[in-house]
Structures are given as structure tokens and as C-alpha cells.
Amino acid sequence: MQGETMRILGIETSCDETSAAVVSDGRVIHSNIIRSQEDLHERYGGVVPELASRRHVTAIIPTIDLALKDAGIDRDDIDAVAVTEGPGLAGSLLVGLNTAKALSMSWDVPLIPVNHLEGHIYANWLTDSSADVTFQPPRFPCVCLIVSGGHTELVLIRDHGRYDVLGRTIDDAAGEAFDKGARILRLGFPGGPAIQRAAADGKMGRHTFPRAWLRDTYDFSFSGLKTALLREVEKYRREPTRPKKVVSTEPFPAHEPPDYAPNMPAADIAADFQDAIVDVLVQKTAKAAEMHRASMVILAGGVASNSLLRRRLESALGVPLRYPTPQLCTDNGAMIAGAGYYLYQRGITASYDLDISPQLPLSTETSLA
Ligand code: KG4
Ligand code: ZN
């Protein structure tokens, strides 16, 4: 493979996106097909694991087919298959992993196991165009803030595959806080974009939310914020008129949040709620960058799309900030193919007895095993 372009098919099914992509040399995206299941989970205000895995089963082959077609390449041109092995939902991970094993075996190409969090990090190495000669990869050492629906981790990256997790959430993830907050405020799902939209029309400073600083650590905590939000909106609860009879034929009954009076200032509350989450993320990330003399800071995960987070970080940092395009922040196959390339360069491939790892942590040991 030395000196030649390496084309990797990346497969991602760890949560509620079925995605497949073709990426060359960990940098250039040829295709990135993402089939979101938002329509399926929206009414429940969160991802229903059983429904997610069943949707992956029907979506995975058409998604891979389209990724190859969109890249304009034949399956013979694929040099390896990279797949998310964890962390994630067990039933969802199984669909991607088993499909990847089957393709790797029948195409006779290596199978590369990718940690989903490492995938999010490597979204920062990707570009849509090989003609983009100005696009430089991130410089080491860098500090990466991974903020997604399932994870909040502050990581010092010394080199490819050399991760020191400086801190992580001790309860809810930042994205989870946005999702739960949006559900309480009845703003829709996924919660992050909904809260950001609502907050844009709101006035800040009218509602007070706590910040869990967890002094002298880089850890985060967001569950108290959710409780404070519940208490805040409780002030606007509408008196019940008569009990509603709910008849559900669905396998999973939708949980309706309590009814609030129409005068609830949801936009103002959303603005202060968003501010409370972003405040802690920015201050801890800026401190980590300074203490560890990072050359730059990179963002990863769905919450990295948040414009307030980007703006505040940019002004708080003394070093450059890099973040992926919104499509590459949320779950996608290209980031898995991208990370897969750098893993392969370090000699990491899997055998066919590879199992999923729903709780897989991000660590140097795992990456160099
Ligand atoms: O990385 P991701 O696709 O999934 C996981 O691996 O968990 O992230 C999804 C999360 C959701 O919680 C969603 O609400 C959040 O990212 N998110 C945002 C924004 N866009 C997506 N949070 C805040 N602001 C946004 N603009
Ligand atoms: Zn993710």
C-alpha cells in the first residue's frame, strides 16, 4: 500500500444514524451517505434502541450501495473496511459490525475496528476536496473537546493514537442535557439544534441556572442543570382541566412532558439554559489548552455544531480553534473511515472474532492494542 492511495469504506451504526462513506488516505471524502432515523425517534424525545437496530438492518445495505455509487468507484477499489466497534447501543453496533465482517471477508480486504470517539476526533482531518491544498491537518499536541449525545470528554492528544483523557462527564453528556432540556421545554428532537434556534430569539439573563464547576478537575456534570430547568418551568405549569385518556397501540408509549401555560418564555429560558452548558465547556477547555500548552483546540461530536460554543471558545482561546462542518460533527461514516486509515497505519486490524464493545473507552491502550 506504500505510496499508493488507500480507499477505505467506513461504516457507522452505533446509535441512530446508518452511515457509510468512502474516504482516501484519511483525508479526502469521496462519499458520505447518512440516513438519519430522527423521524422514528422524534416522538419519544430520545433514541429507542430496539427501533434503532431494526431500522439499521433494513437501511445498511442500500446505504453502502449508495456510498459506493456516489464515490463513483467499484467495490474492487476498496482497500479496507473500517467499522465502529463501540461505544454505542449493542443492537445497533451489531448490524454495522456484522455487515463489515461480511464485506471484509468476501472482498478479501482488512477489517479495521474503530472507537466511535476516535472517529469523532478524526472528523477534523477530513475535507471534501482533494484540490483543497490549503487544508492542513490539526497540529499536535492539541486539546479535543468531544461533546455528543452520549459523551463529553476533554482529551489531550499528543500524537496519532496517543490520548490522555483529562476529564469527562460524571452524569449526563452535554448533548443529552440539550436533548432533555428541549424535551422539557417542548422544543422538539434532537434538542441541541432546537434549543439553539429557540435561544436565538430569546433574551439572556432572566433565568438563573447553576454551573457545576467540580473544582480542580476537568470533569463535567449536567444533571443538576436538568433539575433546575424542571423547577424553572414548573412555575409555568398549566392547571389540569380534565384527565386525558391515552390509548396507545405503539410498542413504546410516547412520554408526554407536562402541560405548560402558553405564556412560558421558552426562548428566554432556552437562551440561559444554553449559556449554562456552554459556559462550563468553554472555561474548562480553555484552561486545559493553556495548562497543556496545546497548539490548537479541536471540537468533535454533535454539540460541536453549536454556534454559541464556537463563538465563545474562539474568543476565550489564545490558540486556533478547529471544528468539522456540521454534517461531520454528528455521526457519519466518513469519520470512521478517516480514523480507520490512521489506525491501519499503526498496524491495527481485527480478526473475524471481533465483538462489539458497547462501553469501549477512549484510551491509548485500546488504540495500540
Ligand atoms: O455525535 P452525535 O451525532 O451523536 C452521538 O454520538 O451521541 O451527537 C448528537 C447530539 C445530540 O444530543 C444533539 O442534540 C446534539 O448532538 N447537537 C447539538 C447541536 N446539533 C446537534 N447540540 C447543541 N447545539 C447544536 N447546534
Ligand atoms: Zn457520536
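User: Which way do Met 296, Ile 298 and Ala 300 point from S9, and which way do Val 297 and Leu 299 point?

Analyst: The general idea comes before the case. In a regular strand, side chains alternate between the two faces of the sheet. This is a predicted model, and in it Met 296, Ile 298 and Ala 300 point one way from S9 while Val 297 and Leu 299 point the other way.

User: Are the five residues of strand S9 buried or exposed?

Analyst: Strand S9, residues 296-300, is mostly covered, with five of its five residues buried. Both sets of side chains, those pointing one way and those pointing the other, belong to buried residues.

User: Which strands are joined to S9, and how do they run?

Analyst: Strand S6, residues 142-147, is joined to S9 by five bridges, and the two run parallel. Within that pair, Cys 142 stands opposite Met 296, and Ile 146 stands opposite Ala 300. Strand S10, residues 321-322, is joined to S9 by two bridges, again in parallel. Here Val 297 stands opposite Leu 321. To get from S9 to S10 the chain passes through helix H9, residues 307-316, and this β-α-β crossover is right-handed.

User: What is the order of the strands in the open sheet?

Analyst: The sheet has five strands in the order S8-S7-S6-S9-S10, and its pairing is mixed. Strand S8 (162-168) and S10 stand at the edges with a single partner strand each, so one side of each has no neighbour in the sheet.

User: How is a pocket read, and what lines the largest pocket?

Analyst: Rolling a probe the size of a water molecule over the atoms shows where empty space is left. The largest pocket has a volume of about 1,200 Å³. Its lining holds 44 residues, and those nearest the centre are Cys 15, Ser 148, Gly 149, Gly 150 and Asp 179. By type, the lining divides into 15 nonpolar, 18 polar and eleven charged residues.

User: Which helix gives the most to the lining of the largest pocket?

Analyst: Helix H5 does, with six residues. Helices H4 (116-122), H5 (174-184) and H6 (191-200) each supply at least two residues of this lining. Domain 1 (7-126 + 325-367) and domain 2 (164-322) each contribute at least three residues to the lining.

User: Where are the cis peptide bonds that join Gly 86 to Pro 87 and Phe 140 to Pro 141?

Analyst: Most residues other than glycine have a negative phi, and most peptide bonds are trans. The bond between Gly 86 and Pro 87 is cis, with omega about -5°. Pro 87 is placed in the loop between strand S4 (80-86) and H3. The bond between Phe 140 and Pro 141 is also cis, with omega about -10°, and Pro 141 is in the loop between H4 and S6.

User: What are the phi values of Arg 186 and Arg 293?

Analyst: Arg 186 has a positive phi near 55°. Its place is the loop between H5 and H6. Arg 186 is partly exposed, because its relative accessible area is 41%. For Arg 293, phi is positive at about 50°. Arg 293 lies in the loop between helix H8 (266-291) and S9. With a relative accessible area of 72%, Arg 293 is exposed.

User: Why does Thr 99 count as buried?

Analyst: Buried means under 20% relative accessible area. Thr 99 is at 12% relative accessibility, so it counts as buried. Thr 99 lies in helix H3, residues 90-107. Thr 99 and Ile 60 are 39 residues apart in sequence, and their C-alpha atoms are 7.9 Å apart in space.

Notes: Residues are numbered from 1 along each chain as its sequence is written. Chains are lettered from A and ligands numbered from 1 in the order in which they are written. This is a predicted model: local features need pLDDT of at least 70, side-chain atom pairs count only at pLDDT 80 or more; totals for chains, interfaces and linings use all residues. Side-chain values use heavy atoms; hydrogens and water are left out. Buried means under 20% relative accessible area, exposed over 50%, partly exposed in between (1.4 Å probe, protein chains only). Helices (H or I, at least four residues) and strands (E, at least two) are DSSP runs, numbered from the N terminus. Two strands pair if DSSP finds at least two bridges between them. A crossover is right-handed if, with the strands pointing away from the viewer, the path from the first strand over the helix to the second runs clockwise. On a 1 Å grid over the protein atoms alone, a cavity is a set of points where a 1.4 Å probe fits but cannot get out, and a pocket is an open set with protein on both sides within 12 Å along at least five of seven lines; lining residues have an atom within 4 Å of a point. Grid points are joined across faces, edges and corners, and a volume is the space filled by probe spheres set on the points. Ala, Val, Leu, Ile, Met, Phe, Trp, Tyr, Cys and Pro count as nonpolar, Asp, Glu, Lys and Arg as charged, and the others, Gly among them, as polar. Domain bounds come from an automatic or database domain assignment.
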